[in-house]
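We will take the stops one at a time.

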Amino acid sequence: MKTLSAISLATVMTLPQAATAQTSYPHTPKDNTVDVYFGTEVPDPYRWLENDTSKATAEWVEAQNKVTSAYLSKLPMRKKLLTRLQQLCNYEKIGIPFKRNGRYYIYRNNGLQNQSVLYTMDKPGGEERVFLDPNTLSDDGTVALTGVNFSHNGKYVAYSISRSGSDWKEFYVIDLATGKLLDDHIMWAKFSGAAWQGDGFYYSAYDAPEEGKELSSVNEVHKVYYHRIGTPQSEDVLFYQNPAYPKRFYTMMVNEEETMAFLHESGDGAGNNIYVRDLTKKDAQFIQMTSDMNYTYIPLENVGDTIYILTNYGAPRNRLMKATLGAPGLKDWQEVVPESDVVLESADMIGGKMLLTYSKDATSHAYVYNINGQRLNEVKLPMIGYVGFSGKKDDKECFYYFTSYTVPGTIYSYDIDTNESRVFAAPKLPFNIDDYTSEQVFYTSKDGTRVPMSITYKKGMKRNGSNPVMLHGYGGFNIALPPSFSASRIAFLERGGIFAEANLRGGSEYGEEWHQAGTKMQKQNVFDDFIAAAEYLIAEKYTDTKHLAIIGGSNGGLLVGACMTQRPELFAVAVPEVGVMDMLRYHKFTIGWNWASDYGTSEDSKEIFDYLHGYSPLHNLKPGTAYPATLVTTADHDDRVVPAHSFKFAATLQECQAGNKPTLIRIDTKAGHGGGKPLAKQLEETADIYSFILYNVGQKK
């Protein structure tokens, strides 16, 4: 690779006067890096941008942000949108109450707080006292509370934080009797909670990374440690590691009675394995319960020595099974609730009964069962939407959270015995939600597959073929997109915009078969589904190609990148957020290797390399092509999908763009993949994205 030295990144900027204005971009030097895959040479001239700590990369980031900031600051509606977003989001958001050791806890945000505050109360609806306020942990809200784990003996709580959006976690401990923060402090934990046993807890961590490579180095050999309260991290006991499989995750779970412990193994295949240990026997060892990581096995709860498990083993749409501590192997499991024609999403054991939540066409339906698997009744939800339950197996108190595209998060208390719900807490909105409506439609993809899509808009919308549309999708990793409410989305809808969300293959909307239909050598199905959604919206006169924007994050960023390179003429605007854009090298950074179960890697075989190379957004940008107006977004602390993906894609796009549309990259600072981002930063980013979209579909004020 050529050495980069004395690189001039001076920028000459022409500010936008109209949507067709030209923009001058920073010069991005190229080198002669070439990789060879199965005899095929693949140039990677912007490889130097993978070095996220180099001076050259820092100068490039500064120069790109200068161009982008100048462009966005001149958009006439940008300031108005930010003000409106702040108004729309300035209402109280309420979490679902949960009980620990005889006390109740609830998250609240009074409106524009950067992070939600955790409160405690003696009883539901009682006086609330601040328990933990993450807004006090940093001046700018960039330290986020990522989890709280209470000890079973009621003496302690371990809480984890993330700094600047990184996946790295730090643990701290509070003495519940005194409320004091103890000296215990854990560093370099990742993908881990605190699993308490006695006066200590298990956590999962990696070795401290090389200085300067904290956000990009490959994470290998996940280790489980036991930390005893009052001792330094240096004395923590290494409980489990498996160097023979360095690219796997290992986490612990201990049941509330501390009679059994589970070791969870994942990272090789689409699912996981579980091991169980009898803690009532002093010298008991872990017993392997499952042996095929192509399936998921989720221990939910235990009743005595009986373990209830949600699994897709032998049931692509999931079923509920049970095992015993004395005979935990899969061959001895018994079915409790069989697979049905819709997806069993979750199961909660509350008040001696089970609340099972099913997904039908990506919307929730909930039922009460007894522990023997007999359905007793259906929970009457307010409307079509999404529901989540909270409660303990031995308590009568039960709460659920409900939301939809037009209903903000509302908390209900639920009486399991009488099957009655009542509103426990509902937000008071600074706008009239009745002005908006949502509909679900079904469209046909390229190969004839029927795909659902939800479309939300302001009442009175005319299907005249010229409405601004923001089409969103994800399509991967067995993750569904259920109905969800966004106050900030109102700012787009009230300007005549339409929000469309397509439930693409690759997700979990119709079970494991739907997921697998969007993976590896079937990944093109996901892009075809998204393109077909766009074509449906045009054919049904919701919009046209001059007013259609596509947006998606992470795997959804890959989706946007692939679709804009395959069908650049179909879209007016593209916003790939924190996207996986280099499909040939994604597995070489942090935990990218974990995505191989969905993608495959360029090293697997020539067939898979050819397939990845055929759709990789970075490698399918072609010089002389007119691409949509594009705003690439990423962040300097994204250690999930490292920013080099977006850096290289943006540099190549700027080089290839033959049209007169802007191709910008927005690189946030002290932010990561999205989790824990302070509200102030969220609103700034949303204002930038919405103003970029609206301006480039023709709105001028």
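The tour below visits some helices and their neighbours.

This is a predicted model, in which local features need pLDDT of at least 70 and side-chain atom pairs count only at pLDDT 80 or more, while totals for chains, interfaces and linings use all residues. Residues are numbered from 1 along each chain as its sequence is written, and side-chain values use heavy atoms, with hydrogens and water left out.

**Stop 1: α1.** Select residues 55–73, the 19 residues of helix α1. From first C-alpha to last, α1 reaches 27 Å, close to the 27 Å expected at 1.5 Å a residue. Now colour its buried residues (under 20% relative accessible area, 1.4 Å probe, protein chains only); among them are W60, V61, Y71 and L72. Their cover includes α2 (78–88), α9 (644–656) and α10 (679–696).

**Stop 2: α2 and α10.** Keep these two helices on screen: their axes (lines fitted to C-alpha atoms over the stretch in contact) come within 9 Å and cross at roughly 135 degrees. For the contact (heavy atoms within 4.5 Å), show R78, L81, L82, L85 and Q86 in α2, which meet residues of α10 including L683, E684 and Y690. The residues of this contact divide into seven nonpolar, three polar and three charged.

**Stop 3: α5 and α6.** Select 524–539 for α5 and 555–566 for α6, whose axes come within 10 Å and cross at roughly 70 degrees. That makes α5 roughly perpendicular to α6. Among the contact residues are F527 and F530 in α5 and L558 and L559 in α6.

Note on methods. Helices (H or I, at least four residues) and strands (E, at least two) are DSSP runs, numbered from the N terminus. The expected span of a helix is 1.5 Å times one less than its number of residues. Buried means under 20% relative accessible area, exposed over 50%, partly exposed in between (1.4 Å probe, protein chains only). Axes are lines fitted to C-alpha atoms, for helices over the stretch in contact, and angles run from 0 to 180 degrees between N-to-C directions. Ala, Val, Leu, Ile, Met, Phe, Trp, Tyr, Cys and Pro count as nonpolar, Asp, Glu, Lys and Arg as charged, and the others, Gly among them, as polar. Angles under 35 degrees count as roughly parallel, over 145 as roughly antiparallel, 65 to 115 as roughly perpendicular and the rest as oblique.
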